[in-house]
Number of protein chains: 2
Amino acid sequence: MVTHRLARDPEKTREMILDAAEKVAEEKGLGTLTLDLVAQSASISKGGVLHHFPNKNALISGLMERLTGRFQQKIESFIQQDPTAPGAYTRAYLRAMLDNDGPSADLIYALLSEARNIPEVMNLLRADCILWQRRTEEDGLDPAVASAIRFAGEGMSAAMMFGLAGPSCHEDVIQFLLQLAGGNKPSNLV
Amino acid sequence: MVTHRLARDPEKTREMILDAAEKVAEEKGLGTLTLDLVAQSASISKGGVLHHFPNKNALISGLMERLTGRFQQKIESFIQQDPTAPGAYTRAYLRAMLDNDGPSADLIYALLSEARNIPEVMNLLRADCILWQRRTEEDGLDPAVASAIRFAGEGMSAAMMFGLAGPSCHEDVIQFLLQLAGGNKPSNLV
DNA sequence: GATTTGAAACCGTCCAGACGGTATGTTGAA
DNA sequence: TTCAACATACCGTCTGGACGGTTTCAAATC
């Protein structure tokens, strides 16, 4: 009997593969992500995976691209929810960074950390980072303050994802940072 | 052929191995760190490495232990240079984090990021992190503010090590954070 | 409308190299 | 002689990815 191979939409398949890769990376980290594992998790053959992504790095790059895209959307969404003029971007960035819903910044950080030796991925991320930093600095706040807030958000996010800090006082920290990003506060004011 | 083997001090050898591992990890990241590479870089055989460290994870744990120890020392040293009562620890932590001299926080971060799946290492680091966080919160500042400063330091450090942010406005950011931490800085410090 | 053709979308297998680890030697010191 | 401190040789596994099919579909040709 002929295995009735259903003609799949290649675009869908690509997304399926990325979903699978995301899932694997999320659960076990990028270090243990293997083509076989992704293929298996996507219910596809390894050859199939390699058809859509010429090699492993391309797959990881694809992951990164999708993730940063979603992160961007998240930021824009948060801006719309709180667009008050000065510091709107900084606050949105902070909230997006610490938001736990959906595929979050965790995976970006995991990618970031485990893919240092993959130049293609790092270049992708670097470009985005430059953009984020620029928009942070042009947010109407003191650039140094805004940058500090951004870095703090990343530090917190990292600490949380590594399980190195409980969510104990984090609420207070977030409140403080949001307040800092709340506008008309000169840099020399505590 | 007689390889004139000189009787080495085992303790020295251990340190040599860790030095080599540190160097390799620093240059190419933990992901590419291999026993052969470490052995080669230490001018020793792989068997020799495995004699001192029963397996790879033990080697990485050894690395982590030495690094956090040095980081601790760095903090204490910075405290002595600027011990003004409130915020002394927070400022010292920040400075130690961003100090580029010697084996810095970079490697700790690299280890942290690439060794998530090695529980032994993570437990080591977690214990230290709890300590650091506690001392930060008990530094005489508002705990939320002190924590924020700490996180910002880590975020900056990470960004720098990943090459995701030039040192452009970083001076201003550091100044702002030190100011937040109540610092009247001595002239020989940043 | 039927047939050919060609390319895209996969599958399944196999291989070479890398790597962690073991097992066994060898050498110097106590 | 014994033991720690190495060296050397080797094994088993894993993994990326190359490669040669095979199926499906759609446009071109007849």
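Which pattern does chain A follow, read along the sequence? Chain A follows the pattern α-α-α-α-α-α-α-α-α. This is a predicted model, in which local features need pLDDT of at least 70, side-chain atom pairs count only at pLDDT 80 or more, and totals for chains, interfaces and linings use all residues. Residues are numbered from 1 along each chain as its sequence is written, while chains are lettered from A and ligands numbered from 1 in the order in which they are written.

**Chain A**
- Chain A has 9 helices and 0 strands; these are DSSP runs numbered from the N terminus, with helices being H or I of at least four residues and strands E of at least two.
- Of the 190 residues in chain A, 42% are buried (20 or more other C-beta atoms within 10 Å of the residue's own, with C-beta atoms placed from the backbone).
- Residues at least 24 apart account for 68% of the contacts in chain A between residues at least 6 apart in sequence (a contact being C-beta atoms, placed from the backbone, within 7 Å).

**Relation of the copies**
- Chain A superposes on chain B by a rotation of 179° with 0.1 Å of shift along its axis, at RMSD 0.2 Å (least squares on the C-alpha atoms of residues with pLDDT of at least 70 in both).
- The two copies are therefore related as by a two-fold rotation axis.

**Interface**
- Chain A and chain B each put 38 residues into the contact.
- On the side of chain A that touches chain B, α6 (105-114), α7 (119-137), α8 (143-161) and α9 (170-180) each supply at least two residues.
- The most comes from α8(A), with 13 residues.
- Because 92% of the interface residues of chain A are also interface residues in chain B, the copies meet through the same surface.

Note on methods:
Two residues are in contact if their C-beta atoms, placed from the backbone, lie within 7 Å. A residue is buried if 20 or more other C-beta atoms lie within 10 Å of its own, exposed if 12 or fewer, and partly exposed in between; C-beta atoms are placed from the backbone.
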